[in-house]
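Hi everyone, thanks for making time this morning. I'd like to walk you through one model, so let me put it on the screen.

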Amino acid sequence: MGSAFSSSSSYVQYKNDFELVIRATKDLEHLLETGFDAPSGKTVGLHDKITAAQRSHGLSQDTVKKLRYLVTIRNKLVHDHDFNSLPDRVHFAKSYDGVERELKEKLRGSSSGCVIS
């Protein structure tokens, strides 16, 4: 089922905006839950998971802003009856790719085990 943490270059292949957004945010949600200890479950929204990851792993305001942009677009596409396409699909895919890279770098940095004193 799906690829684990695919880059946006693979997301651009989807012609349907709904598929692009849902696949990207599903991967984002999985990354937050498995890499950043964000709570899981059907009662916890993506904005809550972002807040939890920010608190537990010190995500920067810039990263949080990018994450919230992606989730807000997702929520509008899913819940707003009159919002049926991405305003700029390339921007969405590049935004996802950038924030995914930032999160993975944060994980690599926190698991390096190196301590300099």
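Let me begin with a question: which residues does Lys49 touch, not counting residues up to four places away in sequence? The list is Glu29, Leu32, Glu33, Ala38, Pro39, Ser40, Gly41 and Val44. Please keep in mind that this is a predicted model.

Let me stay with Lys49 for a moment. Lys49 is found in helix α3, which runs over residues 46–57. So is this lysine buried or exposed? At 0% relative accessibility, Lys49 counts as buried. For the polar part of its side chain, there is a polar contact of 2.3 Å that joins the side chains of Lys49 and Glu33.

Now the overall layout. The protein chain has five helices and zero strands, so if you read along the sequence, the pattern is α-α-α-α-α. Of its 117 residues, 36% count as buried. The accessible surface comes to about 7100 Å², and carbon and sulfur atoms hold 52% of that. If you take contacts between residues at least 6 apart in sequence, 57% of them join residues at least 24 apart.

Let's go to α2, residues 17–35. Asn16 caps its N-terminal end, with a side-chain oxygen 2.7 Å from the backbone nitrogen of Phe18. On length, the 19 residues of α2 should span 27 Å at 1.5 Å a residue, and the end C-alpha atoms are 26 Å apart, which agrees. Which residues of α2 are buried? They are Asp17, Leu20, Val21, Ala24, Thr25, Asp27, Leu28, Leu31, Leu32 and Gly35. Seen down the axis of α2, these buried residues fall within an arc of 155 degrees, so they line one face of the helix.

After α2 comes Asp37, in the loop between α2 and α3. Here is something for those of you who check backbone angles. Most residues other than glycine have a negative phi. Phi of Asp37, however, is near 55 degrees, a positive value in a residue other than glycine. At 58% relative accessibility, Asp37 counts as exposed.

Pro39 is found in that loop between α2 and α3 too. With a relative accessible area of 33%, Pro39 is partly exposed. Leaving out residues up to four places away in sequence, Pro39 touches Glu33, Val44, Lys49 and Ala52. The C-alpha atoms of Pro39 and Ile50 are separated by 9.6 Å, with the two residues eleven apart along the chain.

Back in α3, have a look at His57. His57 is buried, with a relative accessible area of 19%. The cut-off for buried is under 20%, so I would read that label with the number beside it. The side chain of His57 makes a polar contact of 2.7 Å with the side chain of Ser56. What is His57 in contact with, once its neighbours within four places in sequence are set aside? Those are Gly35, Phe36, Asp37 and Lys106.

On to the core. The largest nonpolar core has 25 residues, and those with the most contacts inside it are Leu28, Leu32, Phe36, Leu59, Leu67, Phe92 and Leu103. Helices α2, α3, α4 (61–79) and α5 each supply at least two residues of this core. To pick one of that list, Leu67 touches Leu28, Ile50, Leu59, Val99 and Leu103, not counting residues up to four places away in sequence.

Another is Phe92, found in helix α5, residues 89–110. Phe92 is buried, with a relative accessible area of 0%. Setting aside neighbours within four places in sequence, Phe92 is in contact with Leu20, Val21, Ala24, Tyr69, Leu70, Ile73 and Leu86. The C-alpha atoms of Phe92 and Asp17 are separated by 9.9 Å, although these residues are 75 apart along the chain.

Last, α5 itself. At its start, a side-chain oxygen of Asp88 reaches to within 3.3 Å of the backbone nitrogen of Val90. The 22 residues of α5 reach 32 Å from first C-alpha to last, close to the 32 Å expected at 1.5 Å a residue. The buried residues in α5 include Phe92, Tyr96, Asp97, Glu100 and Leu103.

Technical notes: Residues are numbered from 1 along each chain as its sequence is written. This is a predicted model: local features need pLDDT of at least 70, side-chain atom pairs count only at pLDDT 80 or more; totals for chains, interfaces and linings use all residues. Side-chain values use heavy atoms; hydrogens and water are left out. Helices (H or I, at least four residues) and strands (E, at least two) are DSSP runs, numbered from the N terminus. Buried means under 20% relative accessible area, exposed over 50%, partly exposed in between (1.4 Å probe, protein chains only). A polar contact is a pair of N or O atoms within 3.5 Å; within protein, one must be able to donate a hydrogen and the other to accept it, and residues adjacent in sequence count only if both atoms are side-chain atoms. Contact means heavy atoms within 4.5 Å. A nonpolar core is a set of buried Ala, Val, Leu, Ile, Met, Phe, Trp, Tyr and Cys residues joined through side-chain atoms within 4.5 Å. The expected span of a helix is 1.5 Å times one less than its number of residues. Accessible areas come from the Shrake-Rupley method with a 1.4 Å probe; for residues, only the protein chains shown count as cover. The arc is that of the directions from the helix axis to the C-beta atoms.
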